[in-house]
Amino acid sequence: MPDWTDREEAPELGPGWVRMSKKRPDGQQGAKQVDHIWISPEGRRFRSLKNAHEPLSGYPVGQVAAPAKEGEGRR
C-alpha cells in the first residue's frame, strides 16, 4: 500500500497546515483516484477538507451558528 506523499502546504486552513496525498493501488476500486489527508499544526489528521475546517470554526461540521440556549428557539 503506498505511503502518504506529495506534501503540500495548505494556507487556506492557516499556517502550519499540510495536505498529504496518495494514489490508490492498482486493482482497487477507484484506482485512478488520489486520496488526501489534511494535517493540523498539532498533528491531528482529517480525511476531508470540510472536517479540517471544523476546529477552525469552533462548531461541529454542518452547524453554522452557536446552538440555541435551553428555552430558546422553537416552541
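A strand here is a DSSP run of E, at least two residues long, numbered from the N terminus. With that in hand, W38 is found in strand β3. Hold on to that residue; we will come back to it.

One caution before we go on. This is a predicted model.

Let me start with the overall layout. The protein has 1 helix and 4 strands. Going along the sequence, the order reads β-β-β-β-α.

Now the whole-protein numbers. There are 75 residues, and 20% of them count as buried. The accessible surface comes to about 6100 Å². Carbon and sulfur atoms own 49% of that surface. Next, contacts. Take those in the protein with a separation of 6 or more: residues 24 or more positions apart account for 21% of them.

On to the strand pairing. Strand β2 covers residues 18-23, and strand β3 covers residues 34-39. The two run antiparallel, joined by 6 bridges. For a landmark on that pairing, look at S21: opposite it, in β3, stands H36.

β3 has another partner. That is strand β4, residues 45-46. This pairing is also in the antiparallel sense, with 2 bridges. Together β3 and β4 form a hairpin, with 5 residues between them. Look at G43 in that turn: its phi is positive, about 100 degrees.

Back to W38, then. What stands opposite W38 in β4? The residue is F46.

Is W38 buried or exposed? Buried means under 20% relative accessible area. W38 has 10% relative accessibility, so W38 counts as buried. For a distance to check on screen, take W38 and E9. They are 29 residues apart in sequence. In space, C-alpha to C-alpha, they are 9.5 Å apart.

Now step off the strand. S40 is found in the loop between β3 and β4. How does S40 come out on the burial test? Its relative accessible area is 5%, so S40 is buried. Which residues does S40 touch, once neighbours within four places in sequence are set aside? S40 is in contact with G16, W17 and F46.

Methods. Residues numbered from 1 in each chain as written. Predicted model: local features only at pLDDT ≥ 70, side-chain atom pairs only at ≥ 80, totals over all residues. Heavy atoms only, no water. Pairing = 2+ DSSP bridges. Buried < 20%, exposed > 50% of the residue type's maximum accessible area, 1.4 Å probe, protein only. Contact = heavy atoms within 4.5 Å. Areas by Shrake-Rupley, 256 points an atom, 1.4 Å probe, with all protein chains shown as cover.
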